[in-house]
Amino acid sequence: MTAVAEVPLVLDSVLEKLATDLGDHDGSMRRRFINNYLELWDHRYGRVSGAVLARDAEDAMDAILSLKISSSMVGAGRLGRMAEHLEGLVHAQLFDAAATLLDELRACGMSTTAQLRSYHLA
């Protein structure tokens with residue numbers, strides 16, 4: 001299995017497929033989709049971290065799945081992989097281990113959103 005750090009922050013091929021699937025010839029729908037993802041990042045991270053720290057398995061799983069799926073759709077490869085790892089920890093009730101990853105998740109999210117802003121919204 002590929003280490004999380006080896007997964008690119010943003011997978012351009014996913015963004016290209018998104019544009020094709022949307023029939024988005026001028027890129028406007030893709031930009032709107034990415035912008036929505038960017039606007040929701042802080043909320044999604046807050047939900048994940050709050051639920052993990054509260055040891056609330058149901059809320060944590062819901063928040064993590066939301067992050068994982070939305071990241072996958074927008075091509076945020078590394079962030080999606082981290083969410084997948086957190087999902088496994090929460091499923092196993094390993095909240096202390098999950099909590100140790102929250103700072104890394106936040107840093108990855110900040111790097112991912114910065115890359116999406118600079119490369120795909122310019």
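Me: Which residues on α1 are exposed?
Reply: In this predicted model, S13, E16, K17, T20 and D21 are exposed, on the other side of α1 from its buried residues.

Me: OK, and which ones are buried there?
Reply: Helix α1 covers residues 12–22, and its buried residues are L15, L18 and A19. They span an arc of only 95 degrees around the axis, so they sit on the same side of α1.

Me: What follows α1?
Reply: G23 does, and its phi is positive, near 60 degrees.

Me: Switching topic: how do α2 and α3 pack?
Reply: Helix α2 (residues 28–53) and helix α3 (residues 57–74) pack at about 155 degrees, and their axes are 9 Å apart. Angles over 145 degrees count as roughly antiparallel, therefore that is how α2 and α3 run relative to each other.

Me: Is that crossing left-handed or right-handed?
Reply: Left-handed, for α2 and α3. From α2, the contact residues include F33, I34, Y37 and W41. The α3 side includes A63, I64, L67 and M73.

Me: How many of the contact residues are nonpolar, polar or charged?
Reply: The contact of α2 with α3 has 13 nonpolar residues, three polar and four charged.

Me: Last one: where does E104 lie?
Reply: E104 is in helix α6, residues 102–120.

Me: How exposed is E104?
Reply: E104 is partly exposed, at a relative accessible area of 44%.

Me: And how far is E104 from L79?
Reply: Their C-alpha atoms are separated by 9.8 Å, while E104 and L79 are 25 residues apart along the chain.

Conventions:
Residues numbered from 1 in each chain as written. Predicted model: local features only at pLDDT ≥ 70, side-chain atom pairs only at ≥ 80, totals over all residues. Heavy atoms only, no water. Axes fitted to C-alpha atoms, helices over the stretch in contact; angles between N-to-C directions. Helix = DSSP H or I, 4+ residues; strand = E, 2+ residues; numbered from the N terminus. Parallel < 35°, antiparallel > 145°, perpendicular 65-115°, else oblique. Left-handed = near helix turned anticlockwise from the far one by under 90°. Contact = heavy atoms within 4.5 Å. Nonpolar A, V, L, I, M, F, W, Y, C, P; charged D, E, K, R; others polar. Buried < 20%, exposed > 50% of the residue type's maximum accessible area, 1.4 Å probe, protein only. Arc of directions from axis to C-beta.
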